[in-house]
Amino acid sequence: EPEHDAPDDGADLVVVANRLPVDMTVESDGTRTFTRSPGGLVTALAPLMRKEDGAWVGWVGTPDVELEPFEEDSIDIVPVTLSADEVELYYEGFANGTLWPLLHDAVVDPEFHRTWWNAYVAVNRRFARRAAEVAAPGATVWVQDYQLLLVPNLLRALRPDLRIGFFLHIPFPPVEIFAQLPWRKQVLEGLLGADLIGTQRASDAGNVLRAIRRLTDVTTRGQVVTVGSRWTRPERHVRVAAFPISIDTAAIAELAATPEIEQRARQIRHDLGDPDVMLLGVDRLDYTKGIRHRLKAFGELLADGKVAAPDVTLVQVASPSREAVERYKVLRDEVEVTVGRINGDHGALGRAAIHYLHHSYPLEEMVAMYRAADVMLVTALRDGMNLVAKEYVAARVDLDGVLVLSEFAGAADELTQAVIVNPHDIDGMKSAILEAIGMNPRERRRRMRALRRKVVDSDVQHWASSFLGTLQAMPRRDTHV
Ligand code: G6P
């Protein structure tokens with residue numbers, strides 16, 4: 001069986017990501033239904049995918065599910081199966097117990113296990129093989145994120161005719177931290193199979209280039225890496241550059257302006273007891289998000305008497321995430337103990353100081369919360385971009401609201417009119433929260449107007465087209481297959 005031959009009717013644009021852009025639900029009688037998941041990536045790519053005969057290779061999110069490819073909304077969905085062991089070793093293990101913390105500046109200790117690495121290699125191979133099977137001759141393949149760092153080079157070995165792009169959604173740390181990884185060289189060489197490597201911030205691109213220079217044998221010049229030598233095999237150039245991701249700004253703004261959302265926003269404040277000030281945090285329950293630091297700052301403001309509950313109320317949405325990973329269980333306990341303590345000390349009957357919600361909500365409800373909140377707290381210790389910050393700004397069609405934003409989130413490079421904080425500096429955060437609460441309406445408006453300009457000019461469609469445009473404009477070399 002000529003398994004790796006490109007079918008003539010293959011896809012001209014292939015996205016390869018750990019997760020498929022569909023959510024699977026299993027009915028009580030065992031039938032499976034699929035609904036498109038609300039992610040920004042698929043929103044941005046859907047029109048392109050429809051036009052270019054697109055395919056999306058990914059995992060459906062549940063172990064041991066074998067699915068034939070199917071079409072959803074004119075996109076070919078190409079499922080990759082992961083066994084329960086692989087979910088544990090590749091997904092929970094190497095992706096989320098090794099790479100996730102390591103690439104976020106080791107804010108918690110990354111664990112290094114050879115069994116995890118072996119599973120990561122095996123699963124990356126499977127994704128690469130699947131992509132090789134569905135890509136048309138000369139197609140563009142766009143590989144996403146830290147779960148699939150080895151795919152670019154594995155894919156190039158199978159299909160040298162392809163244009164391969166890679167985008168890292170999370171940060172890349174300084175080489176001194178990345179160098180801890182026992183498989184650092186293999187990972188960088190895996191990545192170098194791409195023609196274009198995109199990062200969120202310019203500093204991430206700089207860190208990738210420095211790691212390549214220090215830890216591999218290839219040469220770099222500016223943003224360009226030269227792989228191979230003129231004398232041995234054909235030279236190939238790899239570009240590393242920043243392409244800050246964004247959101248579907250128009251869709252969020254449009255939603256935010258509907259009477260239903262405005263009404264829901266009023267209802268939310270009413271349900272909270274019409275506080276003078278509503279503070280809001282919205283995060284996946286992840287240790288990179290600085291939720292504990294945020295709670296500490298708010299708790300101290302209450303204890304110091306600088307703010308009083310329930311006049312000032314914090315709503316913290318923490319959506320469940322990676323719950324099988326030990327460090328996430330620990331974090332959940334820490335957050336919930338802290339919330340309970342603060343509410344015990346500062347709440348009143350029927351009026352909590354913190355409304356803590358361990359749920360995920362549909363976009364409509366999130367947008368209503370954004371519209372309801374006076375101050376949005378984004379206090380990540382490290383974050384590739386942080387789309388919540390951009391969504392908040394997009395939702396404030398009324399030009400009101402204040403964004404408090406960590407300098408360690410990629411969004412801080414663009415959203416410079418936010419109140420910028422260092423989440424490790426608890427006193428600094430307390431002052432920033434007070435500044436945000438006390439900011440006068442004219443200043444709020446001035447800043448929000450400037451912030452909104454950024455997310456209107458650079459939305460996710462712009463992100464996708466500038467990455468793909470750059471990739472497709474790169475000179476093709478002669479390939480001898
Ligand atoms: C981050 C990562 C994504 C990931 C998402 C949700 O945004 O960059 O690659 O899909 O978190 O995490 P999960 O582990 O549930 O896919």
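Reader: Which residue takes a positive phi in the hairpin of E2 and E3, and how many residues stand between the strands?

Author: Gly 30 takes a positive phi near 95° in this hairpin, which has five residues between its strands. The structure is a predicted model, in which local features need pLDDT of at least 70 and side-chain atom pairs count only at pLDDT 80 or more, while totals for chains, interfaces and linings use all residues. Residues are numbered from 1 along each chain as its sequence is written, and side-chain values use heavy atoms, with hydrogens and water left out.

Reader: What makes strand E2 and strand E3 a pair?

Author: Two strands pair if DSSP finds at least two bridges between them; strand E2 (residues 22-26) and strand E3 (residues 32-36) are joined by five bridges, so they meet this condition, and they run antiparallel. Thr 25 stands opposite Thr 33 in E3. The elements themselves are DSSP runs numbered from the N terminus, with helices (H or I) of at least four residues and strands (E) of at least two.

Reader: Why is the contact of Asp 161 with Arg 159 called a salt bridge?

Author: The term requires a side-chain nitrogen of Lys or Arg within 4 Å of a carboxyl oxygen of Asp or Glu. The closest N and O atoms of Asp 161 and Arg 159 are 2.8 Å apart, which is within 4 Å, and therefore the pair qualifies. Both residues, Asp 161 and Arg 159, are buried, a word that stands for under 20% relative accessible area, whereas exposed means over 50% and partly exposed lies in between (1.4 Å probe, protein chains only). In general, side chains of opposite charge can pair when their charged atoms come close.

Reader: How many salt bridges does the structure hold, and which residues are linked in a network of them?

Author: The structure holds 31 salt bridges, and Glu 262, Arg 371, Arg 396 and Asp 398 are linked in a network of such bridges.

Reader: What are the parts that the salt bridge of Asp 374 with Arg 269 ties together?

Author: In this salt bridge the closest N and O atoms of Asp 374 and Arg 269 are 2.9 Å apart. Asp 374 lies in the loop between helix H12 (363-372) and strand E16 (375-378), and Arg 269 lies in helix H9 (residues 259-271), so the pair ties together parts that are 105 residues apart in sequence. Asp 374, at 26% relative accessibility, falls between 20% and 50% and therefore counts as partly exposed, whereas Arg 269, at 17%, is under 20% and so counts as buried.

Reader: Why can Lys 454 be part of a positive surface patch?

Author: Patches are made of residues with over 30% relative accessible area and no salt bridge, like charges being joined within 9 Å and nonpolar side chains (Val, Leu, Ile, Met, Phe, Trp, Tyr) within 5 Å. Lys and Arg count as positive and Asp and Glu as negative, while His and the chain ends are not counted, and the place of a charge is NZ of Lys, CZ of Arg, CG of Asp or CD of Glu. Lys 454, found in helix H15 (residues 441-457), has 32% relative accessibility, which is over 30% and also makes Lys 454 partly exposed. The patch is formed by Arg 445, Arg 449, Arg 453 and Lys 454. The accessible areas come from the Shrake-Rupley method with a 1.4 Å probe, and for residues only the protein chains shown count as cover.

Reader: Which residues form a negative surface patch?

Author: Asp 9, Asp 12, Asp 53, Glu 71 and Asp 76 form it. Asp 12 lies in strand E1 (residues 11-19) and, with a relative accessible area of 35%, is partly exposed.
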